[in-house]
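Colleague: Hi! Could you walk me through this structure, a bit at a time?

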Amino acid sequence: MTTETAVRPGAVSKLLAMSDIITPIAIRAAATHRVVSGLAAGQTVAEIAADRGLDVEVLDTLVRFLGEIGILDGDPTTPTPTEIGTILATAEDGLSLTGMLGFATKSLVALDHTLETGRVSALGLFGEDFWTALSRDRANLPTIEAELARGTAAYDEDVLINAVDWSGAAVVVEIGGGGGQLLNRILDAAPEAVGVLLDRGLVAEASARLNSRGHNADRVSVVDQSYFDEIVPRGDVFVMSAVLADWADEQAIALLRRCREAAQRDGARFILSEVTLRAGSAREELYYRAMVTVPVRETAELLDLGRRAGFVDGTILAETPARSVIEFVAP
């Protein structure tokens, strides 16, 4: 005897809506090229296409689709944003497919790669690590600069600032410094020191622009350099914050080895402050696993990586659920 499972009315439609890809990508493509804000400002579809370098026929189709899903309203030839469209017009930078957040969003379509390999989705989509892929297209630069200017979640950043004695620092080198917010806070705590921010590609270029306009502009310099090469800048304190999660153990050890070599060369202190991306739901954990290689490394694991990189000892200066601060000693 066989039985058939009845499909509830609307279940298929619900599944199709849940698995839809075209809607979110269409919205983000519109945000990337500031389509809705252009329409809100009175531009025609043809003017937007000419201004942004877009295919006018495809743009026309996109605009009609935005009307179908309630982003735009009125005559398709002269559409106006709905309430949702008005919100979108003010949130285009955050939904853009360029920049760091945009590239992260793109890479999610390769979640199957993460499922198959346990590695980040960017490798499946771009064939290379996220940061290298990000810097291959200069169209990402304006969005990266805007993102760095906004900063990122602090993840108990105060713990790092307060745990370390910065009073005797003369030259602080931050490896993977991003927009420079942390380095500037360190320099505020060490008013006699200067800072060197080491990052790479478009992130370094955007950071240099931002720091040239910052309140410590005369005290911060930016070096564009791969983390995996010999660290060129000299310093008496080297800092690495929220970097290792992007890398598997073998690569993390290689990075820490470069830090150990620099600290040993200069007789310097090395401060490792790693954040821990603890998920509150399966959805959040899946996102973290797709975005970073190792979302959670406990302090004991970080100490072990340091030892494997050649540091002889590590002292835990502070530890919270979100961040650890370890001072390593080079032999």
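Modeller: Happy to! Let's begin with Glu157, which is found in helix α13, residues 157–163. Keep in mind that we are looking at a predicted model.

Colleague: Is Glu157 buried or exposed?

Modeller: Glu157 counts as buried, because its relative accessibility is 15% and the cut-off for buried is under 20%.

Colleague: What does the side chain of Glu157 make a polar contact with?

Modeller: With the side chain of Arg185, at 3.2 Å. Leaving out residues up to four places away in sequence, Glu157 touches Leu182, Arg185 and Arg323.

Colleague: Let me zoom out for a second. How many helices and strands does the protein chain have?

Modeller: The chain has 18 helices and nine strands. Its C-alpha atoms fill a box of roughly 70 × 65 × 30 Å along the principal axes. Of its 331 residues, 44% count as buried.

Colleague: What is the mean pLDDT of the chain?

Modeller: The mean pLDDT is 93, and 97% of the residues reach 70 or more. Among the elements, helix α1 (residues 11–18) has the lowest mean, 89, while strand β3 (residues 171–175) has the highest, 98.

Colleague: New topic: pockets. How much space lies in the second largest pocket?

Modeller: About 610 Å³. The pocket is lined by 14 residues, and those nearest its centre are Thr105, Leu108, Leu111, Arg283 and Tyr287.

Colleague: And what is the lining like by class?

Modeller: The lining of this pocket has nine nonpolar, two polar and three charged residues. Helices α2 (22–32) and α17 (282–291) each supply at least two of the lining residues.

Colleague: You mentioned Thr105. Which helix does that belong to?

Modeller: Thr105 is one of the buried residues of α8. Helix α8 covers residues 99–107 and is mostly covered, with seven of its nine residues buried. Among the others on that buried list are Gly99, Met100 and Phe103.

Colleague: What covers the buried residues of α8?

Modeller: The cover includes α2, α9, α10 (121–126), α11, α12 and α17. Notice α2 and α17, which also supply residues to the pocket lining.

Colleague: Let's pick a residue in α9, then.

Modeller: Thr114 is found there, in the helix spanning residues 111–117. Thr114 is buried because its relative accessible area is 9%, and the cut-off is under 20%. Beyond four places in sequence, Thr114 touches Arg119, Val120, Ser121, Arg289 and Ala290.

Colleague: Last one: where are there positive phi values in residues other than glycine?

Modeller: Ala242 is one of them, with phi near 55°. Ala242 is found in the loop between β6 (237–241) and α16 (249–266), and is partly exposed, with a relative accessible area of 40%. Arg34 is not a glycine either, and its phi is also positive, about 50°. The place of Arg34 is the loop between α2 and α3 (35–40).

Colleague: How does Arg34 count, in terms of accessibility?

Modeller: Arg34 counts as partly exposed, at 39% relative accessibility.

Colleague: Thanks, that helps a lot!

Methods: Residues are numbered from 1 along each chain as its sequence is written. This is a predicted model: local features need pLDDT of at least 70, side-chain atom pairs count only at pLDDT 80 or more; totals for chains, interfaces and linings use all residues. Side-chain values use heavy atoms; hydrogens and water are left out. Helices (H or I, at least four residues) and strands (E, at least two) are DSSP runs, numbered from the N terminus. Buried means under 20% relative accessible area, exposed over 50%, partly exposed in between (1.4 Å probe, protein chains only). Contact means heavy atoms within 4.5 Å. On a 1 Å grid over the protein atoms alone, a cavity is a set of points where a 1.4 Å probe fits but cannot get out, and a pocket is an open set with protein on both sides within 12 Å along at least five of seven lines; lining residues have an atom within 4 Å of a point. Grid points are joined across faces, edges and corners, and a volume is the space filled by probe spheres set on the points. Ala, Val, Leu, Ile, Met, Phe, Trp, Tyr, Cys and Pro count as nonpolar, Asp, Glu, Lys and Arg as charged, and the others, Gly among them, as polar. pLDDT is the predictor's confidence in each residue, from 0 to 100. A polar contact is a pair of N or O atoms within 3.5 Å; within protein, one must be able to donate a hydrogen and the other to accept it, and residues adjacent in sequence count only if both atoms are side-chain atoms.
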